[in-house]
Amino acid sequence: MMEIRIDKVKLSKLPQTDLTKIPFGRVFTDHMFIMEYKNGSWQNARIEGVRSIPMHPANLTLHYGQSIFEGMKASKNEDGVPLLFRADMHAARMNASAKRMCMPTIDPALFVEAVRQLVSMERDWIPGDEGSALYIRPFMFATDEFLGVAPSESYVFIILTLPVAPYYSHPVKLLASTDYIRAAKGGVGEAKTAGNYAASLLASKEAKQKGFDQVLWLDGRDFKYVQEVGTMNIFFVINDKVITPPTDGAILKGITRDSFLHILKDKGYAVEIRPISMDEVVEAYQNDQLQEVFGAGTAAVAVDVQQIGYKDHLIELNPRKDSLAQLLKKEINGLRSGKIEDRYGWTEPVYEVENV
Ligand code: COI
């Protein structure tokens with residue numbers, strides 16, 4: 001495997017950072033991992049200070065959007081050892097996104113080793129509060145200077161790390177959109193690519209103007225079946241059954257979603273992975289059978305839904321303190337921080353790397 005060169009910053013920003021008051025996504029640690037793809041291979045892997053990246057105005061990413069990313073987390077266990085969570089699955093999903101967007105894949109072993117070494121260097125930045133974590137953002141974008149619509153021949157891959165609190169600090173209100181779609185079958189909905197997030201912004205803005213927090217996306221053909229929220233996957237509890245839509249190509253294959261499905265099955269919950277329509281959700285609500293709705297994502301962890309607007313319906317839920325979402329959140333945070341025994345082999349300790 002390629003060697004990773006290390007160039008440490010002289011002065012850390014950590015002493016000036018209050019890890020207990022961190023807005024999501026704005027505070028970065030001192031170092032980043034970076035490597036370039038040129039002439040058919042990844043090269044020059046290194047960890048160096050976070051810095052701006054000069055860019056030619058004809059950079060292909062700026063024009064045609066070849067850009068993909070991941071979102072992962074590391075927490076510390078009781079002995080202060082950082083734990084990565086399902087890093088191999090993030091590497092695999094990054095490569096699936098890369099293939100869909102005609103971008104080069106990365107050796108999963110190098111991906112995980114880069115994360116490991118960066119997290120090892122930035123271990124002191126991992127917040128200790130329950131629910132907080134070091135958020136890891138691997139991303140890749142095109143760097144050819146060319147205005148033709150074609151896959152770039154050069155790319156940059158970077159990993160940033162950020163101390164974070166959970167993405168949502170309260171239960172959320174969702175508006176099921178019947179005006180806009182996030183993704184349709186055959187599109188790029190399953191890829192973690194920047195354009196999916198850009199496409200969501202206008203609908204989110206309009207939903208916020210109407211008093212909601214986020215959009216609940218419906219299928220791109222009939223506006224009938226639930227897809228996801230854009231920042232997280234979605235689960236419904238109806239008549240004691242936990243239901244989530246299948247990832248059929250238009251929905252992100254959430255790693256938190258997958259973890260929750262394993263945990264729920266192990267705990268003996270009845271789980272159904274099947275299409276669920278908004279009509280079914282409304283009917284269950286009207287018949288007092290809709291017990292709970294929650295979102296699941298790496299950044300969001302598990303968040304209760306307190307309201308869903310859909311056409312002229314307003315579904316009002318009263319999330320309980322002991323909701324299934326809260327139970328799952330406790331479970332996954334416990335697994336991530338080593339407080340709950342990892343029966344799944346999802347966590348990996350990051351021991352201090354020599355010379356780091
Ligand atoms: C994540 O959960 O890691 C994501 O990438 C979602 C993003 C909107 C913060």
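Trainee: At what angle do helix H5 (residues 255-266) and helix H7 (residues 324-336) pack?

Mentor: This is a predicted model, in which local features need pLDDT of at least 70 and side-chain atom pairs count only at pLDDT 80 or more, while totals for chains, interfaces and linings use all residues. Residues are numbered from 1 along each chain as its sequence is written, and side-chain values use heavy atoms, leaving out hydrogens and water. The axes of H5 and H7 (helices being DSSP runs of H or I, at least four residues) lie 11 Å apart, and the angle between them (on a scale from 0 to 180 degrees) is about 105°.

Trainee: How are H5 and H7 therefore described relative to each other?

Mentor: Angles under 35 degrees count as roughly parallel, over 145 as roughly antiparallel, 65 to 115 as roughly perpendicular and the rest as oblique. With their angle of about 105°, H5 and H7 are therefore roughly perpendicular.

Trainee: Which residues of H7 meet H5?

Mentor: On the H5 side, the contact (heavy atoms within 4.5 Å) is made by Thr-256, Ser-259, Phe-260, Ile-263 and Leu-264. On the H7 side, the residues that meet them are Leu-324, Leu-328, Glu-331, Ile-332, Leu-335 and Arg-336.

Trainee: What is the angle between helix H2 (residues 87-100) and helix H3 (residues 108-121)?

Mentor: H2 passes H3 in a right-handed crossing. Their axes are 9 Å apart, and the helices pack at an angle of about 125°.

Terms used:
Helices (H or I, at least four residues) and strands (E, at least two) are DSSP runs, numbered from the N terminus. A crossing is left-handed if the near helix is turned anticlockwise from the far one by less than a right angle, and right-handed if clockwise.
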